[in-house]
Amino acid sequence: MALVRHSLSVLSLLVCLLPRPIEAQTADTVILKSGHPVIGEIKDLRRGNLSFDTEEMDVVSIDWDDIASVISPRVLEVYLATGDKFAGRLSAAAPAELVVVGATRTDTIPFAQIVEIRAFEQGFWDRTNGFVDLGTNIARANNLASFLFGGQFNYRGPRWGFNITTDFYRQRQETTDTTGVTTEQSTSRSSLSLLGERYIGTRWAAAISGTAEQNEELQLDSRYLGQLGAAYRIIRNQGMEFGVGAGGTINDEQFVGSPRSTTGEILVGAVFDMFDVGDFDLYTSVQTFSNPSDGGRFRLNIDGRIAWEIISDFTIGVTVVERYDSSPPSPTAATRDYQYSLTFGWSWS
């Protein structure tokens, strides 16, 4: 009997020393198309990339097209391109399919239909994306120097989202006349825009925004815009987002040599964002402002960005800015300002 008790004690000690299979019960598993499994924790799936936290490599980004299967014992939110949303554990399925095991139903979803995966405990910064661009130009031949800064910050929560967009450009040029007198000419353009959205369903949103801008090329001292409207996302999938919006705008502006004026305008706009074209991102925003009671005045804003990822999260790209005003209050103001710039930047998603 003593021998039996001794044997049981040794066996109990060995069991305690063995590693417990907690990881297999609580960890998420991603199986790549190569057959290699990766163990860790799903952070989120956005813009065609799965953010995955591993002990060996910390947080890594895995292209959604490189994944064969995803398994998770945790309850996650799964969003589809159709606008539908599911919540549940992720179970094993056929390659390129996801089984969502919910409280009352089980659904099998092809990978191609999945736009986003979120963890309920996802923090603020995990729901953001954006970019920062810098550009400069120095030409000794005509003593020209310019500096460009642009950036965008986006947050998308379960019910609310907001966007901050900023742009600054300054150009300086020195000229010397025949008498040897040197003069300096400079021009600048800057804008700051804040947009807030309250999601209604999966495609609609109520939107409110404010914008402050100035443009010396157009002799615009200052302009403040307050906007209220609605937005609708026509396309939202793994590679692109396309949305349109419309609303009303209060325009408070002052041009050089003209008194400050406040008018109402009709706003119609569209945003196109493509982010899964190899290592390229393409972003375009178009806004039109019209006022039939102000002589049919029409304004057009176009902002475009093409960025190529040269190394991890660092980009080289081209930005395009177009500003058009059919009837500026100042009679000497130009009707069009445009700029095409080469930039270096950093982006995250």
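**Figure 1. Strand 20 pairs with strand 21 in this predicted model**. The two strands run antiparallel and are joined by eleven bridges. Strand 21 covers residues 336-348. One of the facing pairs is phenylalanine 314 with tryptophan 346, the latter in strand 21.

**Figure 2. Strand 19 and strand 20 form a hairpin**. Strand 19 spans residues 297-311, and strand 20 spans residues 314-325. Their pairing is antiparallel, over twelve bridges. Two residues lie between the strands. Aspartate 313 sits in the turn, with a positive phi of about 70°. Along the strands, glycine 304 stands opposite valine 320 of strand 20. In a regular strand, side chains alternate between the two faces of the sheet.

**Figure 3. The largest cavity holds about 110 Å³ of space**. Its lining is made up of 13 residues. Closest to the centre are Glu213, Leu218, Arg223, Asn301 and Arg323. Strand 14, strand 15, strand 19 and strand 20 each give two or more residues to this lining. By class, the lining has six charged, four nonpolar and three polar residues. The count of cavities of 30 Å³ or more comes to one.

**Figure 4. The second largest pocket has a volume of about 380 Å³**. It is lined by 22 residues. Tyr79, Arg156, Pro158, Gly201 and Thr202 lie nearest its centre. Elements giving two or more residues to the lining are strand 5 (67-80), strand 13 (182-200) and strand 15 (220-236). Ten of the lining residues are charged, seven are nonpolar and five are polar.

**Figure 5. Arginine 47 has a positive phi in a loop**. The phi value is about 55°, although the residue is not a glycine. Most residues other than glycine have a negative phi. Arginine 47 lies between strand 2 (37-46) and strand 3 (49-54). Is this arginine buried or exposed? Arginine 47 is buried, because its relative accessible area of 18% falls under the 20% cut-off.

**Figure 6. Glutamine 219 also has a positive phi**. The value is near 60°, in a residue other than glycine. Glutamine 219 is found in the loop that links strand 14 (204-215) to strand 15.

Technical notes: Residues are numbered from 1 along each chain as its sequence is written. This is a predicted model: local features need pLDDT of at least 70, side-chain atom pairs count only at pLDDT 80 or more; totals for chains, interfaces and linings use all residues. Side-chain values use heavy atoms; hydrogens and water are left out. On a 1 Å grid over the protein atoms alone, a cavity is a set of points where a 1.4 Å probe fits but cannot get out, and a pocket is an open set with protein on both sides within 12 Å along at least five of seven lines; lining residues have an atom within 4 Å of a point. Grid points are joined across faces, edges and corners, and a volume is the space filled by probe spheres set on the points. Helices (H or I, at least four residues) and strands (E, at least two) are DSSP runs, numbered from the N terminus. Ala, Val, Leu, Ile, Met, Phe, Trp, Tyr, Cys and Pro count as nonpolar, Asp, Glu, Lys and Arg as charged, and the others, Gly among them, as polar. Two strands pair if DSSP finds at least two bridges between them. Buried means under 20% relative accessible area, exposed over 50%, partly exposed in between (1.4 Å probe, protein chains only).
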